[in-house]
Amino acid sequence: MLCSNCFSNEGLKITAEKIGDKSETACENCGSNDGLELSKEKLVELMQVFFSQGSVLQNIGGYAPVYKISDKKEMESVEFEEPLKSDYELLKQKTDLVVFHYGPPLWRLGLTEQYDALTESNDEEKEKALNDILEASNEIILPIGTKLYRLRINANDLLNNTTFDTPRKDLKTSYSRFDTPDIDIFYSSPDLETCLHETRVTIADEIILATFKTKKELKILNIADSFTEKEGITEFEMISILMYKLCTTNEEEYEKCRFISEFIKKNEFEGFKFLSYYTNVKDEELYNIAIFGFPLKEDKIELQSINRIKLRRVDYTFSFGPAI
Ligand SMILES: [Zn+2]
């Protein structure tokens with residue numbers, strides 16, 4: 001029907017090569033012999049993958065494509081630039097499908113009732129939202145001997161035992177998602193690759209890994225998964241959707257995250273488990289463990305060993321979508 005060589009937009013062409021099948025005959029549209037053939041079914045798949053999945057925006061903390069496809073002609077609401085414009089016309093002609101701008105329901109963007117309440121300056125509303133989060137989240141007891149990883153980049157004071165503890169306030173230059181000048185947090189992860197993501201290492205860095213084990217049971221709050229949501233609520237009140245949004249969005253949401261960590265601390269938890277931002281680029285969910293204070297100094301954890309880490313290989317997996 002069509003082949004990958006029928007398209008001019010580079011991303012669309014490469015996506016078509018991935019989806020298409022080898023063919024012995026020349027393409028009936030462009031006459032090419034070495035393109036990958038796409039049946040009508042494959043062309044529909046190509047439109048879904050490229051226009052819909054390919055237009056999901058980064059950093060909004062939810063699955064919300066900008067474009068979707070429809071078999072209702074009147075839904076069409078897009079105008080692409082050349083050469084994508086001609087590619088799209090060709091696809092439209094062969095599949096009878098059109099692309100339209102998709103306005104997702106707000107909860108898909110994580111904009112739940114509690115999200116709004118955390119945004120407002122009304123303290124009572126904020127407190128109620130924080131209580132909702134606490135109620136829906138479950139307690140976890142980290143048993144003695146739980147392994148936690150933590151990385152330092154370009155550290156030059158390896159012999160100092162406190163090097164890997166929560167940094168002292170006077171040494172801190174910036175704050176992260178949940179910590180503030182009043183809330184000290186030891187960030188760690190049970191997963192080594194998550195640590196590498198979280199510390200945003202580059203191939204130029206000297207990476208030092210510290211492996212810790214917990215010395216006592218630690219009572220932490222799980223704000224990452226397995227929430228106990230209230231019965232009969234809508235997506236607009238779901239804490240799992242809210243926490244996914246807050247943990248997989250960038251700096252914009254740090255203020256709300258910090259309200260939550262402050263509230264968890266006030267409710268006498270020793271830390272919390274939260275979703276890693278890098279869950280965005282992994283098939284499985286990645287987690288971090290945050291412990292309040294200075295757990296090494298406070299004898300809650302012990303340093304088991306340190307290692308140097310060398311990055312041997314970095315792989316990128318990506319897909320394409322329309323840019324304009
Ligand atoms: Zn062709």
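1. A residue is called buried here if 20 or more other C-beta atoms lie within 10 Å of its own, exposed if 12 or fewer do, and partly exposed in between, with C-beta atoms placed from the backbone. The model is predicted, so local features are reported only at pLDDT of at least 70 and side-chain atom pairs only at pLDDT 80 or more, while totals for chains, interfaces and linings use all residues. Numbering starts from 1 along each chain, as its sequence is written.

2. Overall content. The protein has eight helices and twelve strands; these are DSSP runs (helices H or I, at least four residues; strands E, at least two), numbered from the N terminus. Of its 324 residues, 32% count as buried. The C-alpha atoms fill a box of roughly 75 × 50 × 30 Å along the principal axes. Among contacts with a separation of 6 or more, 74% come from residues 24 or more positions apart, a contact being two C-beta atoms, placed from the backbone, within 7 Å.

3. Helix H1 (residues 10-19). Leu12, Thr15 and Ala16 are buried in this helix. They lie on the same side of H1, because they cover an arc of only 100° around the axis (the arc is that of the directions from the helix axis to the C-beta atoms). The face turned away from that buried side carries Glu10 and Lys18, which are exposed. Strand S2 (37-38), H2 and H3 are what the buried residues of H1 pack against.

4. H1 against H2. The two helices pack at an angle of about 130°, with their axes 10 Å apart. Axes are lines fitted to C-alpha atoms, for helices over the stretch in contact, and angles run from 0 to 180 degrees between N-to-C directions. H1 and H2 are therefore oblique to each other; angles under 35 degrees count as roughly parallel, over 145 as roughly antiparallel, 65 to 115 as roughly perpendicular, and the rest as oblique. By class, the contact has six nonpolar, one polar and two charged residues (nonpolar: Ala, Val, Leu, Ile, Met, Phe, Trp, Tyr, Cys and Pro; charged: Asp, Glu, Lys and Arg; polar: the others, Gly among them).

5. H2 against H3. Helix H2 (residues 40-52) packs on helix H3 (residues 84-95) at an angle of about 135°, the axes being 10 Å apart. This pair is therefore oblique as well. The crossing of H2 and H3 is left-handed. On the H2 side the contact is made by Lys40, Leu43, Val44 and Met47, and on the H3 side by Leu91, Lys94 and Thr95. These residues divide into four nonpolar, one polar and two charged.

6. Helix H7 (residues 239-247). This helix is mostly covered, with eight of its nine residues buried. The buried residues are Ile239, Ile241, Leu242, Met243, Tyr244, Lys245, Leu246 and Cys247. Their cover includes helix H4 (113-119), helix H5 (123-136), helix H8 (254-266) and strand S10 (271-275).

7. Thr248. This residue is found in the loop between H7 and H8. Thr248 counts as buried because it has 20 C-beta neighbours inside 10 Å.

Methods
A crossing is left-handed if the near helix is turned anticlockwise from the far one by less than a right angle, and right-handed if clockwise.
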